[in-house]
Amino acid sequence: MVSSAFADRPHKKLFLFDVDGTLTPARQNVSIEMAEALRDLRKKAVIGFVGGSDLAKIAEQLTFNGSNAIDDFDYGFAENGLTAYKLGKQLASQSFIKFLGEEKYKKLANFILHYIADLDIPIKRGTFIEFRNGMVNVSPIGRNATIAERLEYQAYDKVHGIRAAFVKVLQEKFADYGLTFAIGGQISFDVFPHGWDKTYALRHVEDEKFEEIHFFGDKTYEGGNDYEIYSDSRTIGHSVNNPDDTIRLLKELLP
């Protein structure tokens with residue numbers, strides 16, 4: 001039974017959303033239309049975001065007219081739920097480096113940087129490895145790329161499969177590390193321990209015993225960073241192409 005914290009919601013359902021490509025265009029801010037749709041939805045059901053990025057980046061994208069993302073959602077899950085909030089209060093977190101250890105991480109990071117150095121792609125920028133609390137994010141072009149450069153790289157990657165080939169090499173080279181490599185967004189992929197994908201966020205909501213948990217994401221194909229939670233038996237998965245698609249589905253589900 002859903003707790004008294006959510007007693008004011010007519011529907012005892014949880015709606016969870018990926019961020020990039022689902023609530024916002026990749027690494028861009030939430031639109032007024034999406035902000036209003038989420039505000040209306042929260043009057044009817046419980047809502048939360050589940051992003052792979054760190055909390056600072058997600059909060060920046062989901063801030064609207066000076067609002068606070070942690071306050072605008074009932075649940076906030078950054079880094080797949082390894083950093084978690086419920087009704088504005090932080091829950092227990094996990095550490096990637098504690099799981100892997102410094103020596104193994106150094107070998108992984110060195111290999112990644114050597115691989116990227118040898119990659120022949122049209123442009124490279126900076127921040128090829130971004131170390132986060134619960135994972136590392138790897139970008140062949142570098143996370144410092146502009147929005148225009150990200151779009152160009154995304155189109156290039158679709159044709160040449162740079163990230164997919166990179167992931168395959170890492171899966172073979174570090175097969176004994178217990179790591180998952182998941183492609184997400186436009187320019188990068190995430191590296192995290194097995195089981196620390198977006199289904200990790202579900203651990204934080206089990207106690208509420210929601211009647212239904214709906215998840216919306218755009219990278220729902222196998223190998224995408226939404227796949228595991230989208231296909232999990234505990235969720236009802238919705239695959240979307242963009243934020244407008246998300247709004248359309250919400251209107252159909254809860255008119």
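Setting aside neighbours within four places in sequence, Phe17 is in contact (heavy atoms within 4.5 Å) with Leu23, Leu38, Leu41, Ile47, Gly48, Phe49, Val50, Phe215, Phe216, Thr246 and Leu250. The model is predicted, and for that reason local features need pLDDT of at least 70 and side-chain atom pairs count only at pLDDT 80 or more, while totals for chains, interfaces and linings use all residues. Residues are numbered from 1 along each chain as its sequence is written, and side-chain values use heavy atoms, with hydrogens and water left out.

**Nonpolar cores**

- A nonpolar core is a set of buried Ala, Val, Leu, Ile, Met, Phe, Trp, Tyr and Cys residues joined through side-chain atoms within 4.5 Å, where buried means under 20% relative accessible area, exposed means over 50%, and partly exposed lies in between (1.4 Å probe, protein chains only).
- The largest nonpolar core has 28 residues, of which Phe15, Phe17, Leu23, Phe49 and Leu62 touch the most other members.
- At least two residues of this core come from each of strand E1 (13-17), helix H1 (32-44), strand E2 (46-50), H2, helix H3 (69-72) and helix H9 (243-253); helices (H or I, at least four residues) and strands (E, at least two) are DSSP runs, numbered from the N terminus.
- H1 gives the most to this core, with 5 residues, and apart from this core lies another of 20 residues, among them Leu100, Ile129, Phe189 and Val191.
- In soluble globular proteins, nonpolar side chains tend to be buried together.

**The largest cavity**

- On a 1 Å grid over the protein atoms alone, a cavity is a set of points where a 1.4 Å probe fits but cannot get out, whereas a pocket is an open set with protein on both sides within 12 Å along at least five of seven lines, and lining residues have an atom within 4 Å of a point.
- Grid points are joined across faces, edges and corners, and a volume is the space filled by probe spheres set on the points.
- The largest cavity has a volume of about 250 Å³, and of the 26 residues that line this cavity, Asp20, Ser53, Gly184, Gly185 and Asn225 are the closest to its centre.
- Helix H2 (55-62), strand E8 (179-184) and strand E9 (188-193) are the elements that give two or more residues to the lining of the largest cavity, and E9 gives the most, with 3 residues.

**The largest pocket**

- About 340 Å³ of space lies in the largest pocket, which is lined by 19 residues, those closest to its centre being Gln154, Lys158, Arg163, Gly185 and Lys219.
- Helix H6 (147-160) and helix H7 (162-173) each supply at least two residues of this pocket's lining, to which H6 gives the most, with 3 residues.

**Single residues**

- Asp218 sits in the loop between strand E10 (212-217) and helix H8 (227-231), and Asp218 counts as buried because its relative accessibility is 17%.
- Beyond its neighbours within four places in sequence, Asp218 is in contact with Asp18, Asp20, Gly21, Thr22, Asp226 and Val240.
- Arg27, in the loop between E1 and H1, has a phi near 60°, a positive value in a residue other than glycine.
- Leu87, in the loop between strand E4 (83-86) and strand E5 (89-90), also has a positive phi, of about 50°, although Leu87 is not a glycine, and Leu87 is partly exposed, with a relative accessible area of 39%.
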